[in-house]
Amino acid sequence: MEATKRADHAVSNTATAAEHDFMVVSNRLPVDRCTAEESGCEDGWRRSPGGLVTALAPMMTKTDGAWVGWHGAPDETVEPFSHGGIDLVPVQLSTQDIELFYEGFSNATLWPLYHDVIAPPEFHRTWWDAYRRVNRRFADAVAHHAAPGATVWVQDYQLQLVPKMLRDARPDLRIGFFNHIPFPPPEIFAQLPWRQAIIDGLLGADLVGFQRSSDAGNFMRSARRFLGASVKQQQVHVKGGDGATTHIARAQAFPISIDVQQISELARRPEIIERARQIRRDLGNPKTILLGVDRLDYTKGIRHRLKAYEELLADGKVTVEDAALIQVASPSRERVEQYRLLREEVEGTVGHINGTYDTMQNTAVRYLHHSYPVEEMVALYLAADVMLVTALRDGMNLVAKEYVTARTNNDGALVLSEFAGAADQLKQALLMNPHDIDGLKDTIMKAVNMQPAEAARRMRAMRKQILDHDVDRWSSEFLTALNEKVIRDDT
Ligand code: G6P
């Protein structure tokens with residue numbers, strides 16, 4: 001019977017389907033295209049940086065797993081292949097899918113809506129149609145490749161309809177979903193014309209994971225309000241067409257983390273420590289290096305950070321001789337209008353600050369619109385006395401966790417927005433509200449002037465938290481919870 005079901009949902013680009021007991025599904029596959037001379041490049045592909053793939057790779061090999069996702073090239077069909085011991089199942093996206101599903105519904109509707117409408121979300125029916133169509137394609141690929149009773153873990157906001165589509169096609173599967181970004185309160189979520197379908201899509205999962213407990217609470221309040229679901233202890237008894245309970249969907253917080261071992265190991269390498277010293281020398285040996293590292297995204301509060309810094313320069317609280325701000329802004333979603341506007345604004349502001357305060361020897365803000373390999377990032381973390389994470393809204397913010405992990409000497413100060421998920425775990429950071437520019441300025445000065453004993457006390461506590469909660473623990477806690485039997489109390 002299972003075989004028949006799978007045949008119904010066969011995808012056309014593969015002749016025979018391999019059966020996998022564990023499947024991860026995300027918009028992007030965990031590999032990028034590369035050329036032979038780049039390090040780590042194997043057969044034209046390289047593993048993408050990031051903790052998620054490191055955390056899941058052992059599980060993938062142990063359980064005959066596979067990863068389903070887009071391979072990054074528009075209009076190109078790539079057959080399933082293996083890389084670094086992981087079976088990969090590419091899903092094709094056309095140029096039009098990228099425009100309507102990825103840039104449109106995912107990143108110009110859902111992204112701003114889920115991040116406190118910092119930018120206005122746009123609602124277009126053609127984008128929604130593409131979102132449904134592409135989610136269906138992902139669900140079909142999984143349904144085709146999953147072994148009977150397999151565990152499937154769907155990742156992030158681009159694929160919220162997949163759990164329900166999969167449940168309908170393959171009721172034998174155990175389905176988990178994790179939302180890497182915030183889930184908005186129902187008062188904001190209410191704006192979405194397709195709010196019921198999204199909640200319904202997510203409730204197809206047995207377990208819906210979020211970064212913060214407030215996100216899980218927001219989701220369940222929306223399930224109650226927009227679907228009339230009866231929620232008890234963060235659980236919903238989901239009913240099928242005949243009114244009978246098909247499964248119980250649970251919502252719970254699982255704060256994601258980083259590959260602690262990788263960052264700690266890099267932070268102890270002599271050549272990386274030397275590179276950090278060189279960065280400081282290159283900047284003219286300032287007393288304080290401040291650092292911001294973000295995708296160039298309007299949720300990150302880069303403008304607020306620059307405004308506060310500019311005012312500190314104007315007030316004479318910091319000078320270009322004593323302090324240097326490095327802002328790494330990695331290019332992101334450059335075809336989406338709001339990202340283009342942000343880039344213009346940030347670059348205009350940096351130009352204005354530097355034009356006003358630079359001297360022949362010193363630059364106020366080193367602005368780097370690049371992505372760097374993790375080795376260089378760790379050198380930057382080691383060089384930075386003060387790390388600025390001023391997000392206006394952020395699911396977690398892994399940069400904050402990487403900085404703390406890299407500070408193996410227990411020195412340095414982390415300025416952290418209370419609107420980043422990381423604030424729930426890093427309570428000894430200098431927490432602040434980035435909208436309050438005076439408060440942000442005071443907090444930056446507190447970080448700049450912090451005594452070593454206080455810095456060490458805070459850093460030690462934060463390091464302990466992260467060292468005890470790395471990304472392996474995150475994935476194993478989620479998967480354990482997913483496979484727990486839930487007691488049904490309605491029978
Ligand atoms: C966030 C999202 C991810 C996404 C990443 C990069 O972290 O949660 O799902 O992959 O940003 O964005 P991009 O649009 O380049 O995939």
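Begin by selecting strand 11 (residues 235–239) together with strand 12, which run antiparallel and are joined by 5 bridges. The model on display is a predicted one. Residues 245–253 make up strand 12.

Within this pair, select His237 and look across to strand 12, where Ile248 stands opposite. Next, follow the chain through the turn: strand 11 and strand 12 form a hairpin, with 5 residues between them. Gly243 lies in that turn and has a positive phi of about 85°.

Now turn to the helices. Two packed helices are described by the distance between their axes and the angle between them. Select helix 9 (residues 260–267) and helix 14 (residues 398–406): their axes come within 8 Å and cross at roughly 45°. Helix 9 is therefore oblique to helix 14. The crossing of the two helices is right-handed.

Finally, display the side chains where the helices meet. From helix 9, show Val260, Ile263, Ser264 and Ala267; from helix 14, show Glu402, Thr405 and Ala406, which they meet. By class, this contact of helix 9 with helix 14 has 4 nonpolar, 2 polar and 1 charged residues.

Note on methods
Residues numbered from 1 in each chain as written. Predicted model: local features only at pLDDT ≥ 70, side-chain atom pairs only at ≥ 80, totals over all residues. Heavy atoms only, no water. Axes fitted to C-alpha atoms, helices over the stretch in contact; angles between N-to-C directions. Helix = DSSP H or I, 4+ residues; strand = E, 2+ residues; numbered from the N terminus. Parallel < 35°, antiparallel > 145°, perpendicular 65-115°, else oblique. Left-handed = near helix turned anticlockwise from the far one by under 90°. Contact = heavy atoms within 4.5 Å. Nonpolar A, V, L, I, M, F, W, Y, C, P; charged D, E, K, R; others polar. Pairing = 2+ DSSP bridges.
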